[in-house]
Amino acid sequence: MGNNDQEIGMLAVLEQDLEQRDFVILIDKKYSEYLTELLCTSTALKKTKKQLSILSTTEFPGQMGKHLYRKISEEEMDLLLQLYRTYEVSDRILLFSVDPNYGSMWNYVKSGIASQEEILQAMLL
Amino acid sequence: MNYVYYNEMVESFQNHVDKILNKTVFLFGHCEATIVLADFLLEKGITPKAILDNSEQKQGKEYKGIPVVPPLVVLQEPGEKAVVLLVTRFYEAMHTQLNRIGFQGAVIKLIDYNTYAEYSLTRETREWKYQRLLYGKHTLDTLRERYGNRFLVFCPFDALGDVYFCMSYLGEYLHRRNIKEYVVCVPSKGCAAVARLFGAEHVEVYMQKDLDALIQAAIYTQDVNCYIAHQDRPYVVNLHKLLKIKKIPLEKIYCCGIFGLPADTKPAQPSVWKTYRNIKEIREGKAVILSPYAKSVTALPRQIWEGIISVYTKRGYQIFTNVHGDEKPLPGSIPLRANLAEMKSVVERAGTFIGIRSGLCDVIRTADCRKIALYPDYNYCDTKWKAIDMYSLKKFENIVVQGEIS
């Protein structure tokens, strides 16, 4: 990673959100619209006692209640995803994605083991 | 705990001994590695005051008089007089927790179990983690040079049972993706032996930290020509989280969660067996093979094994202890040193196998004999599910052993 202004800015955002929130959720831009809608309209999000910071490249017009929603640019998301894939910065950063080379909670849904709501509930505990 | 980690723990202890002696010592995280550390400290004349643990199921228990207590108890001791020692892969999360609750004393990592994590965003941390990533990419490139475009399967953790489950479902996963040639990458010779039982032709063994870096590179590059086959390692894999609300046996996690296969998929069985070289030394149908050792499971009380030996001695059985490396046979038994590929022939010849629930039980799943798996009464990771809920075996007698944690 370099050290340009954009990167320094995103690191500051991440550091602040990790300090002030229980979880920071990154929504992968590849599936941004679908996953943002899924998470932000879920019962799990409404019911969780955790305070979240949700970072997405998609606008979401709905109410977020106690959670913080940030729309960021694709470049900014790329920086965060590169960082996430370089090392474990915190166990309170969750990536909502379908990375191709490891197992995914969404596989449980496909196999009928759990519903989407259960997956979201488990992730936000 | 394998000898590499044990040596690292001893060396690290010696490096930090000035910060530990004359302090009130706490350990964090009740697990097999912490038990090994507790034994090591007791041998050195240091009695830890408590084992801190977030799990309510574990709190209230004790090990050799050391109570398992909630982490907040650490604050009862002035920070300058206390030290917390850690030998778990959750060091970073635990260190952060101790800071958050206001613990001011020293926190010392004696084993670097988790090279993926460093809860810091400083430039120095990012740079050295990037260097680690470059090293991983170099290792990945070297692997590609050797094997071309063969599909790479990574087993990130040194546990025979995990590799057994992986290999049970890998074939079907590859078949569905029309992949014919693959390489399995593992962190130990034992894991490699399990992969070979299933006919894996190409198996590469790496040092744990090298494999970690290699896997990190695969994550970073999002290489679609490889797969990380584990339920909770490294940090990007979150399949275990569903266990917070649902009981899913580990085998089902592998089948459905890791490989995305239908729940009714039939597991493959190991097929590459050998006959034990000294098979005739085992009395046919009149011997018992005991397996008291496991790397990641807390040991059973010694009297359990003494009782078993007493019963089988009275019955006139020949009694063997399966041993590996420096492990000692149980008193009153004969040491047995067989390769994993020979174990099926051993237990079938003996007629009876009794072992702590470990990866060896998986290896001999298909053996035709009486098989008994003993489960210490502990919870799987930080879930409310017992080990027997997660690991119970078909065609075994599965028995939970009550008693003090030891």
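Colleague: Which strands of chain A does helix H2 (residues 32-40) lie across?

Modeller: This is a predicted model, in which local features need pLDDT of at least 70, side-chain atom pairs count only at pLDDT 80 or more, and totals for chains, interfaces and linings use all residues. Residues are numbered from 1 along each chain as written, chains are lettered from A and ligands numbered from 1 in the order written, and side-chain values use heavy atoms, without hydrogens and water. Helices (H or I, at least four residues) and strands (E, at least two) are DSSP runs numbered from the N terminus. Helix H2 of chain A lies across S1, S2 (52-56), S3 and S4 of chain A, running at about 145° to S1(A); axes are lines fitted to C-alpha atoms, for helices over the stretch in contact (heavy atoms within 4.5 Å), with angles from 0 to 180 degrees between N-to-C directions.

Colleague: In what order do the four strands of the open sheet in chain A stand?

Modeller: Strands of a sheet pair through backbone hydrogen bonds, either parallel or antiparallel. Here the order is S3-S2-S1-S4 (chain A), with parallel pairing, where a pair needs at least two DSSP bridges. Strands S3 (68-71) and S4 (93-96) of chain A each have a single partner strand, so one side of each is left without a neighbour in the sheet.

Colleague: How many bridges join S1 (residues 23-27) of chain A to S4(A)?

Modeller: Four bridges join these parallel strands, and A:Ile27 stands opposite A:Phe96 in S4(A).

Colleague: How many salt bridges are counted between domain 1 and domain 3 of chain B?

Modeller: The count is zero, a salt bridge being a Lys or Arg side-chain nitrogen within 4 Å of a carboxyl oxygen of Asp or Glu.
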